[in-house]
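Good morning, colleagues. Please direct your attention to the screen, and I shall take you through two topics in turn.

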Amino acid sequence: MEPLIDTLKRQIIEVLKLSDLKPEDIDADAPLIGAGLGLDSIDSLELIVLLEKEYGVTVPDANTGRQVFASVRSLASYIEENRSKG
Amino acid sequence: MTAALRTAVVLEDCGILSSLGTLEETVADLFEGASAIVPGPCFGVPVAHAPFKDVSWRSLGVAAEALAPCIDASDLDKDTTAFIFCAAKGDISPLEAYYESGIRPEAFMPLLSSQAHYAKKILNIAAGRTIVVSDACASGATGVEIGRDMLVSGRARSVVLLGFDGISRFVATGFHALSALSPAGARPFDSSRDGLTIGDGAALALLTYREPFAGDVVVAGAGSSNDANHRTGPSRTGDGLFRAAKAALADAALPPGDIGGVKCHGTATKYNDAMEAKAITSLFGEEYPPCFSVKGAIGHASGAGSLLEICVAAECLRRRLAPPSAGFETLGVDEPVPISAKPQILRTSSMLCLSAGFGGINAAVVLSEVQ
Amino acid sequence: MSIRVESFAALLPQGIAGPLGLRPWDEGQAGPGDVRRDQVLDKPYPAFGKLMLADRLAFAAASVALAGRQIAHKDSTAITLGISAGSLSTDMRYMESVIAGFPSPAIFSATLPSSAIADIAIYYGLKGPNRVVAGNGASGLTALELAVSLLKTGKASAVLTLCVNAVETQDATSPLVGGTAAASNAFALLLSLQPDNSGTAMRLSASFSPAAKEGAPARDELYFTELIRLVREQKGGSIEAASCDVAVTLSLAKEE
């Protein structure tokens with residue numbers, strides 16, 4: 001899972017254009033949306049697009065979204081779970 | 001009101017094109033409680049939408065041609081007339097055609113300025129100034145405010161406003177990506193509301209500055225503000241819209257008690273309607289006038305929609321009635337705002353029109369019928 | 001009534017001009033389009049990198065003009081923006097995401113000419129009226145006209161006026177741009193009717209009328225460059241501008 005977490009950190013920075021951040025600045029266990037990285041609701045929608053585009057994984061509703069975006073680690077495990085299903 | 005002998009910004013003529021048809025058809029159907037919202041898909045997106053009654057109007061040139069007879073532009077003087085084009089995206093078809101099939105723009109470019117000059121030519125308006133206002137979904141209301149300020153300050157003697165925003169793949173996919181669209185249709189202020197419905201819309205209006213006669217509808221005041229809160233979402237407090245409304249009332253020199261009804265922005269997103277109810281409550285306290293939204297009937301036509309809805313509001317003002325708010329059944333906001341489920345008598349001859357848009361932009365216009 | 005120029009900024013081909021002087025672009029920076037957050041803001045601002053070109057230029061110019069300033073009445077501080085090409089490049093990026101099958105919500109949210117004021121309003125808490133005009137060559141001058149009108153009608157106590165020209169380099173030759181493309185630049189003026197006596201300042205008077213000849217091709221960035229030069233050099237002077245359909249006389253005088 002750690003390689004996926006590192007990849008995700010790089011992709012999040014790239015997709016959300018977080019030019020002031022480096023991958024190591026992102027804590028894998030800290031909340032993604034809100035205070036920590038300063039991400040907002042539009043960013044979370046953009047991350048949903050990233051999941052579909054890069055991993056073929058969909059986020060069916062807002063409730064799932066909240067759990068998925070709890071941290072980079074939860075995002076990684078959601079991808080691993082749903083990829084293996086397919 | 002006592003303005004009969006004072007110079008005022010008079011709404012001389014106006015016309016609209018909506019999913020319910022012309023201004024006359026739209027207002028008649030609104031009072032019947034009709035809705036033109038149809039189920040999806042819309043440009044491949046599984047959402048309800050409100051297409052023009054005549055879909056050929058979705059072309060800017062056809063719409064301008066259809067609207068041209070709605071105003072008498074024959075006496076306009078080039079040196080003292082301003083043409084104000086109000087749109088969020090306008091007719092974005094040249095952009096789509098280029099990306100979808102490599103077709104190069106012919107009649108006009110996707111740029112709003114190019115659209116404005118193209119439409120102005122078709123309308124055959126003699127106007128020395130062309131101003132393109134793009135304040136998101138408040139464009140039409142901001143256009144009216146700019147027009148009013150130009151007339152009052154003497155920078156123009158006549159102002160022609162054109163609003164146009166069509167449903168497109170661009171707009172449908174975008175609002176869908178933002179999860180803002182209702183699957184089944186907009187239900188403004190209703191407890192089951194689940195998003196907005198995009199609609200086509202166009203409107204044309206002529207404003208002049210003169211002594212009004214009894215029966216004239218005047219733009220008595222206008223005001224605007226920014227929430228400074230979020231790029232796309234409304235503020236949670238309604239403070240920004242409240243300040244815009246307060247500024248419009250101050251501009252009109254009217255206290256809230258003199259407002260007979262409110263044409264709400266009423267998009268039917270969870271947060272817009274909740275915010276708007278707070279703003280309306282801050283303004284009126286418990287003394288609410290009748291409030292309504294037309295977006296459950298004709299959808300949300302972005303920047304043009306706010307001008308279109310001002311034209312509809314003027315027509316309702318002449319009838320001294322607030323129309324029913326199609327899609328509304330059970331109040332779903334925290335404050336007891338009297339959203340009209342059936343026609344309600346306006347308590348005075350003035351109406352407050354509220355608009356809001358992306359970027360935290362709020363705009364309010366006060367219309368009064370001269371007694 | 002004269003209007004006080006409280007502050008200014010310009011993102012020009014040669015560098016960033018502001019009240020603190022002119023800072024040339026670093027090596028490797030081609031011009032305004034490459035502006036970095038640390039050149040205009042001393043604090044990190046994660047959203048800066050997300051801003052599309054037009055929004056980034058507007059935000060950068062606003063930040064240089066507003067740096068270190070206390071704005072007294074934020075509720076009545078307006079923003080007027082003239083943005084010649086509107087959000088055209090952003091629209092093109094969004095349409096590319098649609099064609100690729102993954103419409104981008106973040107890019108869509110910026111596909112409005114008014115998008116360029118959103119972050120400025122939020123970051124600096126400016127809650128007054130907004131006027132966004134996207135009328136090609138005369139946009140900036142019209143934004144200036146609307147700023148003057150907002151001050152004179154008392155609808156605003158101060159106005160941040162922006163003139164932004166932004167078309168991404170990759171779009172310059174697109175048939176959608178149709179020859180409207182130019183080098184990217186951005187200008188900001190903070191105008192007010194309330195002198196704060198903090199030092200010398202320039203006063204601006206402006207009159208607007210329809211241009212004698214419609215469709216003159218002049219771009220208003222030339223006039224803004226000249227206007228900002230007069231302000232920077234603290235010189236009086238007047239500019240006769242005729243851009244598209246508006247004729248403008250701008251006069252600057254040094255405050256006594």
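How many residue pairs are in polar contact between chain A and chain C? In this predicted model, the count is three residue pairs, with both residues at pLDDT 80 or more. Between chain A and chain C there is also one salt bridge. D43(A) forms a salt bridge with K50(C), and the closest N and O atoms lie 2.7 Å apart. On the side of chain A that touches chain C, the residues comprise six nonpolar, two polar and six charged.

Let me turn to the extent of this interface. Chain A contributes 14 residues to the contact, and chain C contributes 13 residues. About 1,100 Å² is buried between chain A and chain C, with 60% of it on carbon and sulfur atoms. Within chain A, the residues that lose the most area to chain C are K17(A), D20(A) and E46(A), which together account for 40% of what that side buries.

My second topic is a pair of helices in chain B. Here, helix α2 of chain B, residues 60–67, packs with helix α4 of chain B, residues 112–123, at an angle of about 35°. Their axes are 9 Å apart, and the crossing of α2(B) and α4(B) is right-handed. Which residues meet there? From α2(B) come L60(B), G61(B), A64(B) and E65(B); from α4(B) come Q115(B), Y118(B), A119(B), I122(B) and L123(B). By class, the residues of this contact between α2(B) and α4(B) are six nonpolar, two polar and one charged.

Thank you for your attention.

Notes:
Residues numbered from 1 in each chain as written. Chains lettered and ligands numbered in written order. Predicted model: local features only at pLDDT ≥ 70, side-chain atom pairs only at ≥ 80, totals over all residues. Heavy atoms only, no water. Axes fitted to C-alpha atoms, helices over the stretch in contact; angles between N-to-C directions. Helix = DSSP H or I, 4+ residues; strand = E, 2+ residues; numbered from the N terminus. Left-handed = near helix turned anticlockwise from the far one by under 90°. Contact = heavy atoms within 4.5 Å. Nonpolar A, V, L, I, M, F, W, Y, C, P; charged D, E, K, R; others polar. Buried area = accessible area lost by both parts, 1.4 Å probe. Salt bridge = Lys/Arg side-chain N within 4 Å of Asp/Glu carboxyl O. Polar contact = N/O pair within 3.5 Å; in protein donor to acceptor, adjacent residues only side chain to side chain.
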